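Take the predicted model below one region at a time. We begin with a helix, move to a sheet and end with the cavities.

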Amino acid sequence: MRNRMRLTALLSSAVTALGVLLRNAPVTSAAKMQAASKTVSEEIGLVGNLICTAGSDNADRAALQWATTLPASGYVLYRSTDAETGFEPVYEGYGSSYEDDDLQIGTEYFYQLKALTADGAFYSGVHALTPCAVPAGLNTYDNQKGSSLVYETGGYKVGDTYYSYALKSHGNGDIYLEETTSSNGRSFGNARNVADSSQNSALASCKIESVHIEYLPHANKVVVWAHWEQPSGYADGKALVITGTPGGQFTVHHVYNPLDIEVRDMAIFFDDDADHTGYLIAAANVKGQGANATMYIFRMSKDYSDVTEIVQKLFPDQYREFPNMVKKNGYYFLFTSQAAGWYPSSGAYAVTKDIAGEWSGLRDIGNTSTFSSQSGWIVNLQDQNYLMHAYRWLRASETSGTTLCPLYFDNGFAFYDYYPAFRYSTKTGALYPEQQGQLLSQDKPAVSSLAAKGANAPCKAFDGSYRTSFSAVEETKSWPFTLTVDLERVCDLRNIQISWYICKGSEGYYAYTVEGSTDGQSWTTVYDHTDTSSETVSKTYGFNSNLISGRARYVRLNVKSATLQNNPTNNWYNPTIYEVKIYGTPVGEVQKASGSAAFDFEQAGGSTVPDITGNGNDLTLHGNTAVQNDPQHGNVLYFGGTANDYADLAPGLLDGCREYTVCMDAKSESEGDFFTFAIGQSRDKYAFFKIAKDHFRFETTVDTWRGETGLRYDLDAAAWHRYVLTVTPTACKLYLDGVPVAETDSLTTCAADMGSNMKLMLGKSFYDEDAGFAGYLDNVAVYPYALSEEEITGGTVRRGDVNADGKTDRADVIALRQYLLTVIDTLPDWQAGDMNGDGRLTAADLTLMKQMLLTA
């Protein structure tokens with residue numbers, strides 16, 4: 001390089017590059033802001049709810065969840081305080097959830113999700129949340145220890161009287177329907193037997209399950225449907241049907257197989273159509289078929305005492321149980337659980353706009369064990385909020401027998417997640433989930449003691465998705481094993497939630513410890529879950545939520561064993577963890593990568609090139625790599641093209657980074673297979689770009705060449721060019737000589753996925769059979785964040801391009817005129833219209849824009 005002025009000019013066309021080089025933190029980029037997309041995909045659902053921290057009276061954090069039926073490779077979540085414009089990315093990655101902790105009470109926030117696919121970007125609708133104080137007087141439900149929902153009144157109010165109904169037994173399986181009454185909805189008495197075996201002898205000796213009792217105001221009728229069986233066994237699969245009038249006559253209509261179909265787990269649903277159509281939904285089968293093989297939907301008779309036809313047969317031979325249906329925003333949602341005996345099972349739902357029409361397939365919801373429960377019925381909180389009421393059949397006596405999960409809906413999608421507690425009112429419908437602090441662990445660097453590949457890397461256990469997982473390579477699996485996450489700052493730990501692998505029929509429970517360290521060297525046990533003689537250990541399957549206490553930056557899950565219920569001495573599980581969430585309070589500053597590194601090769605000679613940022617990340621030269629003089633650039637770094645000719649930095653510069661930027665001037669003499677720039681661990685986990693004589697190519701992977709995603713751009717690279725590559729978790733963008741020329745939003749890995757102590761090399765490949773880079777480099781810089789387009793291009797904007805479509809034409813003139821006449825309220829890029837640079841838009845700017853187009 002001839003002089004520092006040359007470096008400045010090359011690094012950034014119109015701004016002082018050293019100002020960028022010596023920058024210590026990224027700045028907000030106006031270029032990343034965008035207007036809300038008006039095109040909303042029907043295949044994306046996005047929900048958001050306010051959450052509060054235990055002990056706080058403010059709901060000042062947001063939990064976002066999303067789902068799509070599109071083949072999305074990644075997501076970008078945008079936020080704004082304006083429903084129309086100013087949307088900035090707050091999350092970018094591959095997960096399906098995000099918690100936003102940077103909110104102010106009383107400010108309305110708007111969120112929109114972009115799903116990235118091979119066919120382009122698709123958007124959700126815009127959703128608004130306004131952080132607020134939690135209303136006083138709410139009840140609290142404790143999912144950790146168990147609670148009961150509190151209702152101000154019970155039963156059904158008819159006139160001035162409240163009526164309550166329950167199927168009870170006189171003993172010996174003699175079942176009857178009891179009616180009690182109350183004047184205030186709280187104290188019930190006056191018990192009355194309104195239906196029993198005197199009406200149908202089948203009630204004299206039986207067992208009853210899956211009881212559903214509803215009062216229908218339009219008909220002033222109580223409707224009862226339940227699953228009936230002999231005192232022992234489940235061979236009959238019959239339905240008990242009773243109807244009656246509150247305070248009046250009741251009739252036992254049937255104990256039967258509806259339309260000769262065996263029915264067991266069931267639900268009843270009454271539509272809001274003009275006829276108040278009733279439906280029986282049941283896990284059912286024809287005689288001779290396996291019990292509960294298929295989900296049937298029957299239409300009820302007009303008096304709800306019988307069924308008249310089969311409307312749907314869903315999920316044939318999938319053995320789903322515990323159906324429940326709810327209608328929300330014109331969609332019918334049918335929730336079911338996997339049949340797994342008394343063990344936890346995965347929940348799912350299907351959706352339609354027409355019960356008799358086409359239904360979606362089963363869609364995943366929650367985690368793979370319904371948080372150690374079986375999904376059950378839906379609690380409706382005044383049509384304002386909903387809860388999934390799931391049952392924990394296997395549990396320790398001191399833990400909750402039910403798991404209640406806040407349930408949310410959007411655009412035909414449903415969502416629920418686990419919270420240790422929530423505050424609520426059954427009277428107003430208010431619902432405020434409660435966590436034990438901030439979510440500290442999502443998308444943080446993770447490593448394991450076991451090898452893993454590609455889609456099952458350790459980071460997948462911290463990515464915000466219950467459907468991805470860390471899983472060890474089968475050939476190298478072993479027990480015990482560890483999974484460690486770097487929270488990147490010291491935190492007070494409060495809660496760890498672990499979603500485990502379990503296999504239906506071979507469910508296993510896990511023994512483990514949770515350990516913390518502030519320095520990654522000295523470890524302290526913050527939770528011990530290894531006493532297999534304790535019910536807390538031996539009766540918890542699929543999911544653990546542990547309240548913990550400790551201070552740490554590094555958290556290590558030390559998994560000792562898995563014990564399978566059907567074969568306790570043969571643990572054949574491959575070590576797999578779906579998701580780990582750690583909650584608490586940060587007490588230290590974020591400690592991320594050690595800063596930028598930059599090299600101008602001004603100081604010739606020797607095997608070390610100093611880092612001109614002052615961060616001490618010096619470059620070490622190997623082989624015949626050396627500083628030479630170039631007629632155009634002065635001092636440059638020359639690579640001879642052998643595998644031994646390369647340069648590297650001390651490992652770790654980009655450890656934990658979810659985004660980064662690499663800048664360099666280059667003139668290539670290379671062909672074939674080689675890397676010009678590389679980070680990573682080995683030929684299994686790396687990112688690289690090559691500058692060949694005729695093209696630029698970038699790839700990133702955690703699964704060798706098979707998992708590579710990236711981009712290619714063809715050019716004459718035998719001449720000097722300035723290359724700037726920005727990389728984020730889902731996208732990368734190449735700038736050539738200050739101009740963006742290529743980009744992709746289909747990346748599936750980022751630097752943080754590759755573990756710690758990553759190598760950073762110039763001129764050398766991770767593949768031993770590859771050649772080295774042959775050519776010249778100058779003005780090399782690496783940043784542990786993505787530079788903005790303004791920083792790369794010098795802060796220049798396309799003059800006149802107020803509609804931000806990448807060109808300046810008559811459409812921009814029309815848009816600016818409409819803005820000045822207040823026909824429209826905003827412009828996508830008003831600064832581009834400031835033609836005279838006075839910081840405001842006036843008629844003078846409109847005139848200058850017209851003149852520019854006339855002379856173009």
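Which residue caps the N-terminal end of α5? Aspartate 809 does. One of its side-chain oxygens lies 3.1 Å from the backbone nitrogen of alanine 811. The helix itself covers residues 810-820. Its buried residues are Asp812, Val813, Ala815 and Leu816. Buried here means under 20% relative accessible area. These residues span an arc of only 165° around the axis, so they sit on the same side of α5. Just after the helix comes threonine 822, with a positive phi of about 60°.

Now turn to the sheet. It is open and has 4 strands, in the order β12-β13-β14-β15, with antiparallel pairing. Why is one side of β12 and of β15 left without a neighbour in the sheet? Because β12 (156-158) and β15 (189-195) stand at the edges, each has a single partner strand. On average, neighbouring strands of this sheet are turned by 35° against each other, direction ignored.

Look next at one pair within the sheet. Strand β13 spans residues 161-169 and β14 residues 175-182. The two run antiparallel and are joined by 8 bridges. Leucine 167 stands opposite leucine 177 in β14.

Last, the empty space. Rolling a probe the size of a water molecule over the atoms shows where such space is left. The structure holds 5 cavities of 30 Å³ or more. The largest cavity has a volume of about 90 Å³. Which residues line the largest cavity? Among them are Tyr91 and Tyr94, Asp443 and Lys444, Cys459 and Lys460, and Asp463. The lining also includes Arg658, Cys750, Ala752 and Asp753.

Conventions:
Residues numbered from 1 in each chain as written. Predicted model: local features only at pLDDT ≥ 70, side-chain atom pairs only at ≥ 80, totals over all residues. Heavy atoms only, no water. Buried < 20%, exposed > 50% of the residue type's maximum accessible area, 1.4 Å probe, protein only. Arc of directions from axis to C-beta. Polar contact = N/O pair within 3.5 Å; in protein donor to acceptor, adjacent residues only side chain to side chain. Pairing = 2+ DSSP bridges. Axes fitted to C-alpha atoms, helices over the stretch in contact; angles between N-to-C directions. 1 Å grid on protein atoms, 1.4 Å probe; cavity = no way out; pocket = protein on both sides within 12 Å on 5 of 7 lines; lining within 4 Å. Points joined across faces, edges and corners; volume = space filled by probe spheres on them.
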